[in-house]
Amino acid sequence: MKALKYLSILALSLFTATSCINEFDEPDFKEPPFGNNEIGEANTTIAELKTKYASTISANGAKEVTEDIIIEGVVVANDETGNVYKQFIINDETGAIIIGVNDVGLYAMVPIGQRVRIDCKGLYVGGYGYMAQVGGLYEGSIGRMGKSIFPQHIRIVGAPNGTQPEMTPEVIDDTYFTDENKDQLAKFVRLENVEITEADGEALWAPEELAYNNVVERHIKMGKTNLVLRMSTYADFANEPIPDGKLNINGVLTRFKDYWQFVISSTSDIEQIAE
């Protein structure tokens, strides 16, 4: 009888414990674990931001944003393979801009195809050789925002999506390299039917013995133009052979003063054309 009473009490205790466990709130995974979910809707396009700070950008200066300016765009390049360093690049329907952050491994937070909002208030907008950037102040010039403040200024919007319009690169040719297009820099573009000049079946992307400040310059032959292809010795594929023959390449078009440049995020951006 005592045993039966004991078993009844034990069963009641287990039921009570189970009921308590079931009463806990289920985790809410709807909000991203990273970033500032209080950032509201975008109120400024990338083109409008660059126009507003055009004189600062063209003077290679840096100016703090004191207004409530929020931009939104899709990540088209990041540091996943190491060929881009301490920055990522976003595009919207109006333009493109670099977001500088003094941190590595950004791709884990802002993968390619991820839509984000940037709260620019308290950050700096500036230019470096015609290239507009949002970031921090470094010795009076535009630099990277601090690692600790980055999460306060970014909101993750939805899940990464490679089918968004911003993920379709604009096809350009060598007639694109004019001053009229410099405001579109850091734009995601596609080069078709081009060749990499140094490719001979054996040349590597970025061997250290050819590097200056950890960068090796290769060249893309586009019509009558040789476009500089900037490669980092830290890229995961730095010591892989450069593909030869005709190629289609997706990447980001940049410029340092009058010096047009092209950057790829990974070798998956390259399509070899069958002959």
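Is Trp260 buried or exposed? Select Trp260: with 11% relative accessibility, this residue counts as buried. Here buried means under 20% relative accessible area, exposed means over 50%, and partly exposed is in between (1.4 Å probe, protein chains only).

Before moving on, a word on what you're looking at. This is a predicted model, where local features need pLDDT of at least 70, side-chain atom pairs count only at pLDDT 80 or more, and totals for chains, interfaces and linings use all residues. Residues are numbered from 1 along each chain as its sequence is written, and side-chain values use heavy atoms, leaving out hydrogens and water.

Now show the aromatic side chains. There are five aromatic pairs in the structure. Rings of Phe, Tyr and Trp (its six-membered ring) pair if their centres lie within 6.5 Å; planes under 30 degrees apart are stacked, over 60 edge-to-face, and the rest tilted.

Next, select Tyr128 and Phe256. Their ring centres are 5.3 Å apart and the planes sit at 45 degrees, so this pair is tilted. Tyr128 belongs to strand β6 (residues 124–128) and Phe256 to strand β14 (residues 247–256), so the pair ties together parts 128 residues apart in sequence. Strands are DSSP runs (E, at least two residues), numbered from the N terminus. Tyr128 counts as exposed at 54% relative accessibility, while Phe256, at 32%, is partly exposed.

Phe177, at 16% relative accessibility, counts as buried.

Last stop: select Phe34, Phe88 and Phe150, which form one aromatic cluster.

Notes. Helix = DSSP H or I, 4+ residues; strand = E, 2+ residues; numbered from the N terminus.
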